Structures are given as C-alpha cells and as structure tokens.
Amino acid sequence: MPYSKMYQVSTLQALALGYSKTVVNVEKLLKEGDTGLGTFENVDGEMIVLDGHCYRARKDGSVVEVSPAQGVPFSAVARLRRQREFKLENMPDAESIRTRLTQKIEEQFGLNSMHVIRIDGTFAKVDARSEAPYRSHHVPLKTILDSNQTAFVFENIKGTLVGVYFPDFMDGINMPGWHLHFISDDRKKGGHVFDVSITEGIVQLDKIARIEIELPKDAAFDTYSLKNASEDEIKKVEKGD
C-alpha cells in the first residue's frame with residue numbers, strides 16, 4: 001500500500017508567534033487530505049477534518065461545517081488509507097492513550113516518521129477547548145488563547161478523535177508527539193483535546209513518509225523570527241498550561 005503525504009499549511013512556530021492570516025482556503029486543503037486538524041484565519045476556532053469534510057469547533061464547543069472559501073493559516077492533513085487498525089479499551093486519560101499509540105508505532109519502527117490517526121468510539125470524558133477569533137499581527141498565540149479560549153467537558157459521548165504525530169526532530173514545524181482534536185458522532189460538539197478517557201475505540205493509523213509544506217507568500221511572513229518560538233511556548237499552547 002502506498003504511503004500518503006502530510007500536507008501542512010505554514011508552521012506551528014509561525015502560528016505560535018501570531019501569524020494567523022490565510023495561506024490557503026478550505027477548498028485547497030481538502031484537495032490535499034481528508035483527515036487532520038488545524039485552525040482558521042484569525043484563530044477562529046479549532047479545525048477537525050474528517051471524511052473529507054472540514055468542521056469548526058466554536059468557542060462554546062459547538063461545531064459547524066465551514067465553507068470552501070474559509071481561510072486557513074495552519075493545518076496538517078493527509079489521506080487516511082487505514083494501513084493499521086486496532087482496538088483501545090478502558091484508557092483513563094490522554095497520557096495513557098498517547099503512550100499506547102507511541103508503543104504501536106514503535107513496533108513498526110515509526111518514531112522518526114509522521115502519522116495520521118482517527119479513533120472512533122465511546123468516550124467517558126473529553127476535556128477540550130476552542131476560541132473566538134482575534135484579529136492580530138505579531139500577537140503570540142499564547143496571549144490570544146489566554147484571553148479568548150474557553151474550556152469545556154463532554155461526558156459519555158460517542159465520537160472521533162482525529163490526530164497527527166510528528167517526530168522530535170520536526171519540532172517547530174509542528175508539535176512533537178500526538179496532537180488530537182475531537183468531534184462528536186452528530187458533528188455538533190468538538191474541540192482541541194487537553195485530556196480524554198476512552199471506554200472503547202477503534203484506531204485507524206497510517207504512517208506518513210512525505211511532507212509538503214505550503215508557506216505563506218506575503219511579505220509579512222518574513223518579518224517573523226520563527227526560531228524565537230520557544231519549545232515551552234508551544235507546549236503551553238498545546239497543553240493549555
């Protein structure tokens with residue numbers, strides 16, 4: 001089975017430092033992948049790409065499907081080919097889930113490769129967040145989230161985790177390790193996942209051997225000192241600390 005490519009819009013460093021202008025639109029994004037995550041222009045909510053549809057989790061945790069013209073400043077998507085499938089049961093938290101997933105990719109020598117994943121199942125709890133839009137230029141994402149994000153919890157809910165894995169050496173291009181977003185079966189609830197417990201779930205996992213990065217083309221992008229996005233800042237954005 002051929003490997004998919006990871007199609008990434010901009011870099012996590014750029015987003016962390018406040019570059020939230022449109023790079024591509026959703027129509028272009030969905031031509032490159034059917035599964036993944038990201039955000040929207042001006043950090044207007046959390047993105048979930050699933051089954052070739054693109055959804056926005058809004059500040060209150062409600063979800064809407066977005067139009068093809070919607071702008072995207074940062075995203076990572078791939079075509080899910082379902083190379084591997086296995087079950088997860090009674091996973092108490094996100095740390096245990098990430099540990100199990102890492103063990104699974106290590107079994108096939110995949111720690112230095114990218115991966116895309118979906119987990120369909122029943123979730124005892126999903127601790128998540130999303131945010132309202134914030135028009136800014138050079139305002140760090142951490143600052144935006146401190147003022148604009150809302151945390152919420154879904155309990156005893158059926159849905160899907162969508163995620164990507166990037167190896168340590170790609171730190172800054174994306175977040176090393178597992179990054180997960182959630183959407184409910186009825187496509188009405190979702191967000192960026194802080195913590196999650198799985199009652200039972202089916203994992204579909206693909207190893208990715210190639211990446212294409214679509215960088216911003218406007219001059220403003222070149223005014224950002226991307227190496228100044230510290231590892232601690234990026235982790236705080238991911239984990240909500």
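The following legends describe close-up views of a predicted model. Local features need pLDDT of at least 70, side-chain atom pairs count only at pLDDT 80 or more, and totals for chains, interfaces and linings use all residues. Residues are numbered from 1 along each chain as its sequence is written, and side-chain values use heavy atoms, with hydrogens and water left out.

**View A. Phe 123, Phe 152, Phe 154 and Phe 182 form one aromatic cluster.** Rings of Phe, Tyr and Trp (its six-membered ring) pair if their centres lie within 6.5 Å; planes under 30 degrees apart count as stacked, over 60 as edge-to-face and the rest as tilted. The structure holds six such pairs. Phe 152 and Phe 154 form a tilted pair, with 5.4 Å between centres and 40° between planes. Strands are DSSP runs (E, at least two residues) and helices likewise (H or I, at least four), numbered from the N terminus.

**View B. Arg 129 is placed in strand β10 (residues 114–131).** Arg 129 counts as buried because its relative accessibility is 4%; buried means under 20% relative accessible area, exposed over 50% and partly exposed in between (1.4 Å probe, protein chains only).

**View C. Arg 56 lies over the face of Phe 40, at 4.7 Å from the ring centre.** A charge sits over a ring if NZ of Lys or CZ of Arg is within 6 Å of the ring centre and within 35 degrees of the ring normal. The charged end of Lys 104 is likewise over the ring of Phe 86, 4.8 Å from its centre.
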